[in-house]
Each structure stands twice: as C-alpha cells, then as structure tokens.
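The following note sets out points for a colleague who is reading this model alongside its sequence. The points are numbered so that each can be checked in turn.

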Amino acid sequence: MMHDALIIFRKEIRALVKDKRTLFSTFILPLLMMPIIFIGMGSVLGSIQKEAVETIYRINIEGTTDRRFFESVDALLDYQTVSASESSDVQVLFPDGFVPGNPASIRLVYDSSSQKIQYAAQQISTALQLYDRQIAALKLSDHGLSFDDLTTLTVTRVDLAPEEAQSGGSMLAMMVPYFLIIFLFAGSMSSGMDVTAGEKERGSLAALLVNQVSRTSIAMGKILHVMTVSTLSAITTFLGLLISMSLPNGTNLFGGGGKISIQLLSFNTLGMILLGLLSTALFTAALVTLLGSLAKSVKEANTYVMPMYLVVVLVGVMTMYMDPSKNVALFFVPYVNTIFVFKEVFMGMGSILHVLIAFVANLAYAAIGVRLVSLLFNSEKILQTV
Amino acid sequence: MVQVKGLTKSFTTKKISKKVLDAITFEAFDSQVFGLLGPNGAGKTTTLRTIATLLKPDVGTVSVDGYDVVSHGTEVRNRIGFLTGDMKLSGHLSCREMMQFFGALNHMEPKVLNKRIAELANQLGMEDFLDKQIAKLSAGMSQKTAIAVSILHDPHVIIFDEPTSNLDILAVKVVADFIKDSKEAGKCVILSTHVLSEAERLCDRIGIIHKGKLLCSGEKDLLLTDYKAANLEDLFFNLVSLQEVRNDA
Ligand SMILES: Nc1ncnc2c1ncn2[C@@H]1O[C@H](COP(=O)(O)OP(=O)(O)O)[C@@H](O)[C@H]1O
Ligand SMILES: [Mg+2]
C-alpha cells in the first residue's frame, strides 16, 4: 500500500520539478517577495525621509526674538523666517508680552496632511522642549540646583525569565508560529486543490481510479505530495521573511529580536520544531486534500478551503498574545498545539511531553483524513464527479 | 466477456431521485465490438462507468470475465482498460514517463514495462513524440497516449466512452484502427457513441439506449433486417417511435 503511495508521490514530485512556473510561484516567489516588499518599502520611506530633511522650510515666528530659541531650531531644521503676511509652512506664535522663563502657551500652526510639514512641526516642537529645558536649567542654577538633583530614585530590573524568553525571544515566540502556520496552510492550498479537484476537471483522476491501485494508496500518495510541497514552501517563505528582516534598511518586525540565537537552535529544539511543523503539515495536507476531493472543480474547492484558511488565521491571531499554558488539553487541538509548542520552544521551555502529544494528535487527525479521503474515493459521491 | 443483467441506477440531486438506467441487460463477447448507442443523456456513460467499477448498481449485476464489479473490483480493474473522450492526460511529464507511472502502479516489472511501452509506441505510431511533454502534444497525439496508458496492462476488456468525441478526423482514424486491431487480437471491446455512422462501421453487436432504457440489443445486421431498417439511424428512429406508441397506449 505504502509502495503504491510512494509511486504516486514520486510521480507528482517529478511532474512538479519539470513545471518551472509552479516551482517559481511556490518556492522562489515567496522567498523573494518579502525581501522585495521590505526593500521597496524601506527605500520609499527612506527617500521621503531624505526629502523632508533636505527641504528648507518657510517658518513664521511671532512674539519672541530670544536668540536661544532660534539657535535650538537651527540645530534641528533648515529654514528661513518669513513675515506673517507671507505664506509659510509652520507658524510659531508666542503670546503677546512673552518673557522667557514665565509660563506661556505657544501655538504651532501647520497643515498635518503634508508629511514634510508634519516633520518640520515635529522638529520645531522638539526645539521648543530643548529651549524650555535650557531656561529651566538656568532657573534651577539660580537656586544652586541641577536636573540631576531632581532625580532621587533609580530602578534596576532583574528579569527571572530564561534568557531566550526575554523580549526578543518572546516576540519570536509570538510571530514565528503564526507565520509558519499561515504559510503552511497557504502553501498546501494550491497543490492540494490541484491534485484533487484540478485532476477531476482535467479528467485524469478517473484514469487513476480505474487502475488496480488501492484508493487508500492514492489518498496517501496525494497527501504526502501536498505535505512536502507545503512544508517546503512554508520554509522558503519563512526564510524570505528572515532575510527581509536582516536587511539593513528593512523594517524590523521583531523589534531587534529577529536574531535567533544559536543556542536556541540546539539539536533538541530543532527536533521539536520539526516534529511540530511536519505533523501540522501532514494534517493540513490531509485536510485540504479532503476538501479538494469533495469538490467538482478548483473553483468549488476554493469555497471549501478558504473558510478553513480564515479559521486558521483567526486561531493564529487569537493565540498570538496568549502565554504558554500548562493546560494539556490545548495540545490535542490541531494548529493550537503547534503554535504553543513553538512558543514554548522559543521561550526556552520546550516540553517533550507537549511536543509528543501534539505530534501524535496531529498524526491521528491526519490518519483520519487519509481514511476519509480514501472512503471518498471509494464512495459514489466522488466517483460521480470525476 | 461482459454481462450486464437488469442494471438499474438512480441519481439523487437535491433530494430528487432520477432513474437514469432502467433494467439494462446485454452481453458483449470476446473478439467483437459492442456498440452502446444513444443520444446525449441516454445513460451510456453511466452504464460504462458501472462496468468500470466507478459506480455501483442499485439493482442488477454486472460482471467482467465472470468477476462481479462490486465484490471483485480489483480483479475487474485488472482486466479492463477504460478510456473516455473527455479524459485528458496533461502536465509536464512525457508520454514515456506517464506510461512508466501507470505501469509501476500496475506493478509491472521494469523490463516487461519498457518492452510493452516500445510495443505500444510501435503499434500506435508514437515513437516520434514518446519523450515530448504531454502538455505540448496535438489532440491526436494525446489521444494515442491516453489509449496507450489505458491498455498498458494488456487488458482483456476494453471500454471506450465516446473515444472520438473531441477529435479531428486524423485522430478518429487512430482510434478506429486501434479498435479493429484489438478485436482481431481477441479482445472484448465495448464502445459508446452518439455518432451512429461510426458505430455502423465498427460494431458487430449493438445496444440502443434511450432515456435509460435499452430499446434493443443484438447482432447489428440481424437487428437491421428484423426492423427493416436501412441503417442504424433508421433503426433508432423506428425504435423510438415504437417506444412512444407503447408509452401512449
Ligand atoms: N453524477 C450524476 N448525478 C446526477 N445525475 C447524473 C449524474 N451523471 C449523470 N447524470 C444524469 O444521468 C443521465 C444519463 O447521463 P449519461 O450516462 O452521462 O448519459 P450519456 O453518456 O448517454 O450522454 C443524464 O440525464 C445525466 O444528467
Ligand atoms: Mg456520456
């Protein structure tokens, strides 16, 4: 039985290897897409930023001639002053009779719909704070004090969490499982629907079914293929994400925690990650293949698979901020179990028991899936539609 | 030899059950071509799919070389080659690779398989495109490939459902020649078609099916004389009007 399944698996892989377009769209494109988007975003943001910094702004300043204020603006912004009657980018209005050192309310007038002007207003507002601090320091020194004298307490934190679980690690624990699961499901969708509903559309499934090969072997061969494709595509997509985050001008999603420490990827943890990933991939492949087999066409299959995809995305979002839990029942729920296994591993508290429960549970669900697909191939329901 | 006895089959869609085959009975013998004729929707495909184990009879029995299609599905599949006009092999594998795949599924020894591929390529004139991708073949070429795949295991019974439906005349000739060769090789060939002239040329025995009922079956020439029909078209319309008179009565 397994022998026949492997024949089908090998044939699908062989066909895939020859199909340059599909190879590109499932493996190369996901690898390149994220880095390209990140580089693109980074360079667009960079050039907007550069332009904002290089512009010389027209600023109208009323109600003060204090040199110290003008100097602190000078340090932060290129500008020329204009009179109230001329058009200006930002107006800085000190109240009438303003005396440096007395409480006063300053008005900044500007159009926030322009990114550049918003930048200028931000710089001026910072300049105002620096100016304020300079004056306050002078006032303090009149009383023989400095800013340091105003601070009486300092706090030192001692973090008891394992090193991996601290900030970076927990960001990783939040995001990685989410992305991997999503990529896994997305990766299994097109191949899973193609080898089932797609083959029905082309009429080539009937050619398989009138052969002597058992229908369980057909189901297993197809599911094995979908699992392989989706695992590889999830890994390449994820690599793309990692690459894009390590790019110099890429936005760093993990807030500096993107560097996976070597210690984290020990033999044990890698093993746990793989068990979780592969068993979920197998279950996902079985699920998508089952749904695809129910449909007459790829279009119909889409209407069954898309809702499942949304459920998986939802599960990912809902569990993203959850702390790892001691509740063993969670590890029996597909997707949820893998997400929590990953969380635990990335936080340095991986549990062999949890990994094994998740692995066995996923395998059991996948086996049920294989059984259902083969029952379906044997039932008239699918045969009427091939 | 294929025996169909009292085959009845209904399909249920949206809770409405529709009788698609009503007590169909016929036999097809070795070294002969049996033609199942009738207009679109008559029930030809449903009948052939039941013989090919893709559907199960509601009532009645179907056997292939003595094996029942329900209880001995694997033995039946072992003995039949099944091909439909709308069954398309496609994709990036070459003809040879596709045949090797189906051969492996049939558990053929690689040596035997390669010999068989060479033999079929010769018989069907496939040598020129044996290593071309199936996706890049003409209709005739891909039909030859489909035939080759369906008879790779040298089945004794060959079932062709409208094998010429999507083909140009050159490709039709390929199929017709193949059917004649198979008959001469002692095979039992069952073919369905709504093109009566095609059946006229190829078939030894025929069954005419209309709205799920078999109107007649037997030796083609005997039937023509019995019903005093000049050709199959005549025969068909005679039978249909007879049937309608009977229904009115
Ligand atoms: N899977 C199915 N579900 C419901 N009705 C079907 C199905 N397959 C065929 N039919 C109906 O059965 C009748 C016979 O179809 P078919 O055997 O394909 O006819 P033919 O091959 O002679 O054109 C048609 O009315 C068709 O609509
Ligand atoms: Mg038909």
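1. B:Gln3 faces B:Ser63 of E4(B) across a strand pair. The pairing in question is that of E1(B) with strand E4 of chain B, residues 59-64, and it is antiparallel, with five bridges. Please bear in mind throughout that this is a predicted model.

2. E4(B) also pairs with strand E5 of chain B, residues 67-68, through two bridges and again in the antiparallel sense. Within this pairing, B:Val64 has B:Tyr67 of E5(B) as its bridge partner. Two residues separate the strands of the hairpin formed by E4(B) and E5(B), and B:Asp65 in this hairpin adopts a positive phi near 50°.

3. The ligand is surrounded by 13 residues, and the closest are B:Lys18, B:Gly41, B:Lys44, B:Thr45 and B:Thr46. By class, the shell consists of seven polar, four nonpolar and two charged residues.

4. Several polar atoms of chain B approach oxygen atoms of ligand 1. For B:Gly41, a polar backbone atom is 2.6 Å from a ligand oxygen. B:Lys18 contributes a polar side-chain atom, at 2.7 Å from an oxygen of the ligand. In the case of B:Lys44, a polar backbone atom lies 2.8 Å from a ligand oxygen. The protein buries 71% of the 560 Å² that ligand 1 exposes when taken alone.

5. Which elements give two or more residues to the shell around ligand 1? They are strand E1 (2-13), strand E2 (16-28) and helix H1 (44-51), which belong to chain B. H1(B) gives the most, with three residues. E1(B), named here as a contributor to the shell, is also the strand joined to E4(B) by five bridges.

6. Chain B has an open sheet of six strands with mixed pairing, in the order E6-E7-E8-E3-E9-E10. From one strand to the next, the twist averages 15°.

7. Within this sheet, strand E3 (residues 32-37) and strand E8 (residues 188-193) of chain B run parallel and are joined by six bridges. B:Leu36 stands opposite B:Ser192, a residue of E8(B). Helix H9 of chain B, residues 232-248, lies across E3, strand E9 (205-210) and E10 of chain B, and runs at about 40° to E9(B). As a general point on reading such sheets, the side chains of a regular strand alternate between the two faces of the sheet.

8. Chain A has an open sheet of four strands, ordered E2-E1-E3-E4, again with mixed pairing. Its edge strands are E2 (79-81) and E4 (107-110) of chain A, and each of them pairs on one side only. The twist here averages 25° from one strand to the next.

9. How many bridges link strand E1 of chain A, residues 57-62, to E2(A)? There are three, and the two strands pair in the parallel sense. A:Ile59 has A:Thr81 in E2(A) as its bridge partner. Helix H4 (residues 115-142) of chain A packs on the sheet, where it touches E1, strand E3 (90-93) and E4 of chain A. The direction of H4(A) makes about 165° with that of E4(A).

Terms used: Residues numbered from 1 in each chain as written. Chains lettered and ligands numbered in written order. Predicted model: local features only at pLDDT ≥ 70, side-chain atom pairs only at ≥ 80, totals over all residues. Heavy atoms only, no water. Near = heavy atom within 4 Å. Polar contact = N/O pair within 3.5 Å; in protein donor to acceptor, adjacent residues only side chain to side chain. Areas by Shrake-Rupley, 256 points an atom, 1.4 Å probe, with all protein chains shown as cover. Nonpolar A, V, L, I, M, F, W, Y, C, P; charged D, E, K, R; others polar. Pairing = 2+ DSSP bridges. Axes fitted to C-alpha atoms, helices over the stretch in contact; angles between N-to-C directions. Contact = heavy atoms within 4.5 Å.
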